[in-house]
Amino acid sequence: MRPEFTSPSSSSSSSADRRLNALVRHLATPSMVSQTAVAFSPTSGFHGDSVFSHVVRAPEDPILGVTVAYNKDPSPVKLNLGVGAYRTEEGKPLVLNVVRKAEQMLLNDKSRVKEYLPIVGIAEFNKLSAQLIFGADSPAIRENRVTTVQCLSGTGSLRVGAEFLARHYHQKTIYIPQPTWGNHPKVFTLAGLSVKTYRYYDPTTRGLNFQGLLEDLGSAPSGSIVLLHACAHNPTGVDPTLQQWEQIRQLMRSKALLPFFDSAYQGFASGNLDEDAQSIRMFVTDGGECFVAQSYAKNMGLYGERVGALSVVCTAADVASKVESQLKLVIRPMFSNPPIHGASIVATILKDSNLFNEWTIELKAMADRIISMRKQLFDALRARGTPGDWSHIIKQIGMFTFTGLNSKQVEFMTRECHIYMTSDGRISMAGLSSKTVPHLADAIHAAVTRMT
Amino acid sequence: MAIRRAMSGRIMDRTAVVGARYMSSWWRSVQPAPKDPILGVTEAFLADQSPDKVNVGVGAYRDDNGKPVVLECVREAERRIAGNLNMEYLPMGGSVKMVEETLKLAYGENSELIKEKRIAAVQALSGTGACRLFADFQKRFCPDSQIYIPVPTWANHHNIWRDAQVPQKTYHYYHPESKGLDFAAMIDDIKNAPNGSFFLLHACAHNPTGVDPSEEQWREISHHIKAKGHFAFFDMAYQGFASGDPEKDAKAIRIFLEDGHHIGISQSYAKNMGLYGQRVGCLSVLCEDEKQAVAVKSQLQQLARPMYSNPPVHGALIVSTILSDPDLKKQWLKEVKVMADRIIGMRTALRGNLEKLGSPLSWQHITNQIGMFCYSGLTPEQVDRLTNEFHIYMTRNGRISMAGVTTGNVKYLANAIHEVTK
């Protein structure tokens, strides 16, 4: 019987005391093994040192860190325009009515179990997601040339697609727009791709640097992967026109550049699901191949449920099937199979025409509220005579506005006015309400006139 | 400008040709991947039309009617949370509440280590996700290290550390002749591994063999791992499910903690709360002090962010609702014991039936082994006969999921096993 030793007594015991205690306990143990077999190596656990002692604290995530700072602020007038999560006019998060209904239906269905999903997720969800983004009559779907796998929201879909590309595609470089969502470079780098950028945003016009975009994509090596924001570019809100998309498509096809679409805002940008999918559908109609990462975080308000899908459009059905089998090999050692709850809600809504219609109405209401906030902010700045051209606020689209404020001005607004945004001047319009627009307008006015 | 227009005109003319050129896929050379050995068994089972078919393949619990089970405590928790909260993003590290409760299960309800905030912990995508996060973390911060994996182990362990690009070695574990633990060889492997190697240990209810070290054997394993300065990483996917008592099932971990190891743990609620498809789990790493725990946690989050940003909320809410309510927690513990007891009962019944049939072989290991799986000792050829002649489905390594055995099919199963082994 092994003698009992008291474990380190108080929380104030130093790590040295702990090491000493551990040493004492070990030496006093009536071991069944000869003591000479024990190796007193310098790296031995006797010292109680962790092999991870050298790990340093990582910096806060620049986007999620904004909310952390906001939460710490005691000011009653504080405003969180950081992370892109929709808020109501009352500043509250929103769970869509259709989502509540779908949840109730699932709850009441006693036959539902919580078993493992297949590696690729819910088949119905996958099918309906493909239809949603490509259009139910899409030739790619009709010809079984699309494989769709359920993933953890947009992030997870991007990561799985990128890992597949790193293993199976001949080109390991992905071109991402300048700027882009902060997490994009890390997703692709950790997946094993190397990341380059192409010009996208023009700070002088606060619009698209179309010239630069065409030049940079035009000089990319043949076959390179190109990340495209399907609509409502994050963080700038600047989207190509349809004509510009057509030019981009032609250029990319002529250089065999592989499109990888990130679709995080379908329905949220214009308020219309089909309109927001136009860019992607162009690239499918021409018979070529592409990757699409879909997220239901914003357009169904399912943020924390992590619901998304990765679709790969191939030129032939048997190829799509092989691709799917390889996607499973990426997924299995990452999380085995995707979470069931959120995708069940989505499938319930998408397959029921009444729920689907209700959803489109709620979606349009969210998009309309954001468009109205844009207009109100623009009007408020004009009314104050704030120097500068602020028309980009109403020209940009989607959840975010790239204000054009510099980091000093942003810092001023946070310090003096308790308004929180990412340091690149990106504000989430979803975080605004009619009540708070004046406060923001005043703050921008102050920042622009007092800090340059 | 004119040049560009002319060029784009030429590109437009070429569109039809360009489109035709793209009839050849970039993915033509992609090979079809082999089917997953475990999940493929269920697929085959589902396709079988025989009324006698038995699925003892995948490790998902079934009741005595062979039906999947949603625990009552889970149903109640879901009722409470439905329509209640929003679905906002969790922090990158997941639900703080869920993680807190989960650590208590592994480290002890009143653990000093928890009070001292020495544990870096994040919510993870069930056991798979926790192991993968740890493997990625190991690769990033101990890039020259390798992982020692027991033979045999859950097949996906190899995939996980491979995809994390951590070199793997194996250590002796299962002893086929005795259908028990190859203890001496295991200790030898621990002693012979280079100092500071990482060892993957199954905390309880080893998958696929069901063979666990005894308490004395765990103490020796701890001693030798410590002597070599190895890192002990525990995969605990069956806490509560092995003996019916979560505290008892955490014994190996507690021994290591007493001995002062800085361990890592992957915990899963897939089986013990029946939350399989919700993907709820936790990865924890015990550190020297609070400061280091903060640093390690932040780095784990840096690995999670480019993989899935933040973990799913629903399953975590179920877990924290149950574990933070004393009555629901009590109910959970009762339901876990029922599941574990049913399995222990089926082990007794299967062994009893085989012995009654006058089998020439020893079937002691069926009741010696613990947890969801029984490593029957059947050869692949015998397994194939079971499938082809008797419509009994299991993985070809002879692993039987005892959760698939019922009072309704145990005789049939015993008969079939006897037929192919007599």
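**Exercise 1. Which residues of chain A carry the UniProt domain feature, and what is the chain like there?**

*Solution.* Start with the record: UniProt, in an unreviewed entry, places "domain: Aminotransferase class I/classII large" at residues 78-444 of chain A. UniProt positions follow the numbering used here, feature names are shortened, and annotations may be inferred rather than shown by experiment. Before going on, note that this is a predicted model, where local features need pLDDT of at least 70, side-chain atom pairs count only at pLDDT 80 or more, and totals for chains, interfaces and linings use all residues. Residues are numbered from 1 along each chain as its sequence is written, chains are lettered from A and ligands numbered from 1 in the order in which they are written, and side-chain values use heavy atoms, with hydrogens and water left out.

Next, the make-up: over residues 78-444, chain A is 47% helix and 15% strand. Here helices (H or I, at least four residues) and strands (E, at least two) are DSSP runs, numbered from the N terminus. The end C-alpha atoms of this stretch are 14 Å apart.

**Exercise 2. In what order do the seven strands of the open sheet in chain A stand?**

*Solution.* Walk across the sheet and you get β2-β10-β9-β8-β7-β3-β4, with mixed pairing. Two strands pair if DSSP finds at least two bridges between them. At the edges are β2 (146-151) and β4 (194-199) of chain A; each has a single partner strand, so one side of each is left without a neighbour in the sheet. On average, neighbouring strands are turned by 25° against each other, direction ignored.

Now zoom in on one pair: β7 (residues 225-229) and β8 (residues 258-263) of chain A run parallel, with five bridges. A:His229 sits opposite A:Asp262 in β8(A).

**Exercise 3. Which way do the residues of β10(B) point, and which residue stands opposite B:Ala121?**

*Solution.* First, burial: six of the six residues of β10 (residues 281-286) of chain B are buried. Then the directions: B:Gly281, B:Leu283 and B:Val285 point one way, and B:Cys282, B:Ser284 and B:Leu286 the other way. In a regular strand the side chains alternate between the two faces of the sheet.

Finally, the partners. β2 (residues 119-124) of chain B joins β10(B) antiparallel through six bridges, with B:Ala121 opposite B:Ser284. β9 (residues 264-268) of chain B also pairs antiparallel with β10(B), over five bridges, and there B:Ser284 is the bridge partner of B:Ile265.

Notes
Axes are lines fitted to C-alpha atoms, for helices over the stretch in contact, and angles run from 0 to 180 degrees between N-to-C directions. Buried means under 20% relative accessible area, exposed over 50%, partly exposed in between (1.4 Å probe, protein chains only).
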